[in-house]
Amino acid sequence: MEMLVTALICLPFLWAILPAVIHNSKCRAFFVYLGCGIVIALSVFTAIQWFLAGGLTMDFDLPYREVFDEVILVGDIFLMCLITYLSFKYKKGVISLLAIVQTVLVAALELFGPEVSETSALRFDWLTLVMILIIGVVGSLIGIYAVGYMHGYHIHHHKELTDRRSFFLAMIFVFFGAMFGLVFSQSLIWMYFFWEITSVTSFLLIGYTRTDEAINNSFKALWMNLLGGCGIAAAIAIGILALGTVNLYDLIDYAIGDPTGLVLLPIACLAFAALTKSAQFPFSGWLLGAMVAPTPSSALLHSATMVKAGVYLLIRISMAMADNYVGNMVALIGGFTFLAASCLAISVSDGKKVLAYSTISNLGLIVACTGCGYEETIWAAVFLVIFHAVSKSMLFQCVGAIENTTGSRDVEDMQGLISLFPKLAVVLMIGIAGMFLAPFGMLISKWAALKAFIDTSSVYVSTLMVLFICFGSATTMFYWTKWMSKILGASGKEKSRDLTKKNEYISMFFHAVMMIALILGFPWLSANVLKPMTNEMFGTDVQVISYQNIIIMIVLLVGVFVIPAINYVLTKNTKAKQVITYMGGANCGDNFNFVSSTGDPKEMHISNFYMEDIMGEKKLFTPAIMISTFIIIVYMIIVIGGAF
């Protein structure tokens, strides 16, 4: 097993060299496909081997541990130098101070600090199993999709931009390696190194086009995520100087045993770091700015890698946050972000921006679940992570394909997409359904979270969480329903050529199949993965969803998919009768044009409500930043005060 994990972490870093140095498109595409296929096979094989071996928690080291320790130390210094160089190159030198301070602190403690107890650097358990499958399968499918997308991006749509596809595809593999290393690490020093790699590579991908907007947005992402790095560095310093350990699980055990005083402070620092990476308010700006990057990087950052690092860490430390100030802070920030981002999503029509706000919102719900730290909420959080990864990856890919085909990603321009580009429309609808309709996992997880919040011991947190979920779910339904109605509406446009490449469709269709399989396999997944995971974490397991509810979900699945499919098969060869509708004037006979009462020819135009005067970014974004900042400052002061 140690050799498989070693390959899983090291192979993507080494494979990144191939697309970086190969500039022939076909040859490079071959090696990207091959590399992604190997990563998928290796991650699935590793997961199956561990599962069949009994699913026992394993603590271990990579071969030549001392060599890897030295490589990580040198890597930290290299990343600091790279950030410093780029910051001064683009006249943003102040940002480099964040990298210098945290790297010097960690390196000095590692070289000259007191000795700490020697423990294994890596751990393989049930949560790791879930994460490596998300990273390996979903992430690699995004890599396959990226080859065709980036070809169209440069050849057809952005000829004015420098073609740096070799760099882009290489960074995707670096992402894989960093995320695999992060989810296996139990040494905070190792975790810090992989954490910083994800921050730097996301910065490089967001700034891919090198436009002024891309550069500014990439540096926004960098400094916000470097704040998170400072949080991990602070946790390392407290662990070494005060507690004598840099093992994540030792810190968790200390906080569970005595959730007060100094032992809670490193947990608060780690939670702060996770909030930055998971783009919670007030740190949501970096994820919104990431929309300037090509679509594959958006899918990668928002589904399989970057933001999942934050929620993964929160799930890890959730037991240490139950019923204390750190947990209350995380729960309130997550619940507030869920509601605020859902409201903001109503006011935008840019498809990628809707997905960005939706991502922030869904991550907020996951974060809120981790803050409570109960079996039910962690069960819900992990299910949300799984369904969100598959659904959001598929949605971003589909919106990117629609933009390449139609020249627009605006929701209003997707009117009648089902008749114009049915394959893209079906994929998009499955992804949207996965975000808010029963029996998809997002709705199931919300139900489980709501039940757990009602049962929590803190009355005011319970009340606020229930309100956040109820109103946040209502606003979520509003913006997803708007989008789906546009897709299913009538269109007066003529069909045009679908420019989506075969490899893009392979990835999207595979995502759609995975989404349906997750619903059908939900009972098995709950019984054989999530229940053992919660039992391992809490010593007990709970039956969150009863078998009666499972039967209801199967019936709903039939209603959502099977009945419409049967209806389509029975009526596809039937000639439909057109019904002439009233259109505010004399219908011209096609239901798309009419003559007004003044005799002027008019064209039908249907648009959604966006309520910008109530829920627009100018109205809500700044207040959301201020409220969330206040919550974090108050709770961090309380925790720090309790420590000293």
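Me: Before I look at single residues, what do buried, exposed and partly exposed stand for?

Reply: Buried means under 20% relative accessible area, exposed means over 50%, and partly exposed lies in between, as computed with a 1.4 Å probe on protein chains only. In this structure Glu617 is partly exposed, at 28% relative accessibility, and Lys353 is partly exposed too, at 27%. Please keep in mind that this is a predicted model, in which local features need pLDDT of at least 70 and side-chain atom pairs count only at pLDDT 80 or more, while totals for chains, interfaces and linings use all residues. Residues are numbered from 1 along each chain as its sequence is written, and side-chain values use heavy atoms, with hydrogens and water left out.

Me: How should I read a salt bridge, and how many does the structure hold?

Reply: Side chains of opposite charge can pair when their charged atoms come close. A salt bridge here is a side-chain nitrogen of Lys or Arg within 4 Å of a carboxyl oxygen of Asp or Glu, and the structure holds 9 of them. One of them joins Glu617 and Lys353, at 3.0 Å from N to O. Glu617 belongs to helix α26 (residues 617-643) and Lys353 to helix α16 (residues 351-372), so this pair ties together parts that are 264 residues apart in sequence. Helices (H or I, at least four residues) and strands (E, at least two) are DSSP runs, numbered from the N terminus.

Me: Which residue forms a salt bridge with Arg316, and is Arg316 buried or exposed?

Reply: Its partner is Asp125, with the closest N and O atoms 2.6 Å apart. Arg316 is buried, at a relative accessible area of 7%, and Asp125 is buried as well, at 3%.
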